[in-house]
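Please keep the sequence and the model in view while reading.

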Amino acid sequence: MKARVLDDFEGRWRMTRRIVQGDGTRAGLTGEAVWRRVEEGLLCEEAGELCVEGQPPMQAQRRYMWRDDLSVWFDDGRFFHIVPARGGPCAHWCDPDQYDGQYDFSRWPEWRCIWQVRGPRKDYRMVTDYGWIGPLKG
């Protein structure tokens with residue numbers, strides 16, 4: 001399988017996210033993720049409608065910075081993790097919770113990221129599927 005590089009992600013992606021809490025509560029997000037070139041690398045902006053069981057839908061958004069080495073940083077400058085270029089496992093310790101991730105690029109330009117989060121504060125599994133929409137205009 002071809003190793004992914006930062007430029008592979010630049011553009012617009014359809015995004016579908018499924019979240020299952022440890023107690024069985026389910027949530028889903030449908031939206032778009034846009035990777036846009038900035039001086040530091042690619043700014044990833046996710047936005048969509050989040051639907052949580054028993055609650056009205058709400059708008060959700062998140063931003064990350066992706067750098068040339070495929071390191072991912074939160075928008076406040078904290079390190080998150082490194083994306084394995086050929087897919088595979090990654091991890092992040094967010095005291096006191098452990099995040100174990102898995103990237104799957106085997107169906108590129110469709111791909112998946114799974115996070116299993118366990119700890120005293122958080123307990124959920126999150127599966128996000130991405131599908132290529134196209135390059136940014138302009």
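His-92 touches Phe-74, Phe-79, Phe-80, Asp-97, Gln-98, Tyr-99 and Trp-115, leaving aside residues up to four places away in sequence; contact here means heavy atoms within 4.5 Å. The model is a predicted one, in which local features need pLDDT of at least 70 and side-chain atom pairs count only at pLDDT 80 or more, while totals for chains, interfaces and linings use all residues. Residues are numbered from 1 along each chain as its sequence is written, and side-chain values use heavy atoms, with hydrogens and water left out.

His-92 belongs to strand β7. Strands (E, at least two residues) and helices (H or I, at least four) are DSSP runs, numbered from the N terminus. With a relative accessible area of 9%, His-92 is buried; the term means under 20% relative accessible area, against over 50% for exposed and in between for partly exposed, with a 1.4 Å probe and protein chains only. The side chain of His-92 also reaches the backbone oxygen of Phe-80, at 2.8 Å. This is a polar contact, that is, a pair of N or O atoms within 3.5 Å; within protein, one must be able to donate a hydrogen and the other to accept it, and residues adjacent in sequence count only if both atoms are side-chain atoms.

Two strands count as paired if DSSP finds at least two bridges between them. Strands of a sheet pair through backbone hydrogen bonds, either parallel or antiparallel.

Strand β10 (residues 123–134) pairs with β1 (residues 11–21) in the antiparallel sense over 10 bridges. Another 9 bridges join β10 to strand β9 (residues 110–118), also antiparallel, and a hairpin of 4 residues leads from β9 to β10. Gly-131 in β10 stands opposite Arg-14 and also opposite Glu-110. Val-127 in β10 has Ile-114 opposite.

Gln-116 is in strand β9 and is buried, at 17% relative accessibility. Its side chain reaches the backbone oxygen of Tyr-124 at 3.2 Å. Among the residues that Gln-116 touches are Gln-98, Tyr-99 and Arg-125.

Val-83 is placed in the loop between β6 (79–82) and β7 (88–94). The C-alpha atoms of Val-83 and Ser-71 are 6.2 Å apart, although 12 residues separate the two along the chain.

Tyr-103 touches Val-83 in turn, and its other contacts include Trp-66, His-81, Cys-90 and Trp-111. Tyr-103 is also among the residues with the most contacts inside the largest nonpolar core, together with Phe-9, Trp-35, Trp-66, Trp-111 and Trp-115; this core has 31 residues. Such a core is a set of buried Ala, Val, Leu, Ile, Met, Phe, Trp, Tyr and Cys residues joined through side-chain atoms within 4.5 Å. The elements that give two or more residues to it are β1, β2 (26–38), β3 (41–52), β4 (58–66), β5 (71–74), β8 (97–107), β9 and β10.
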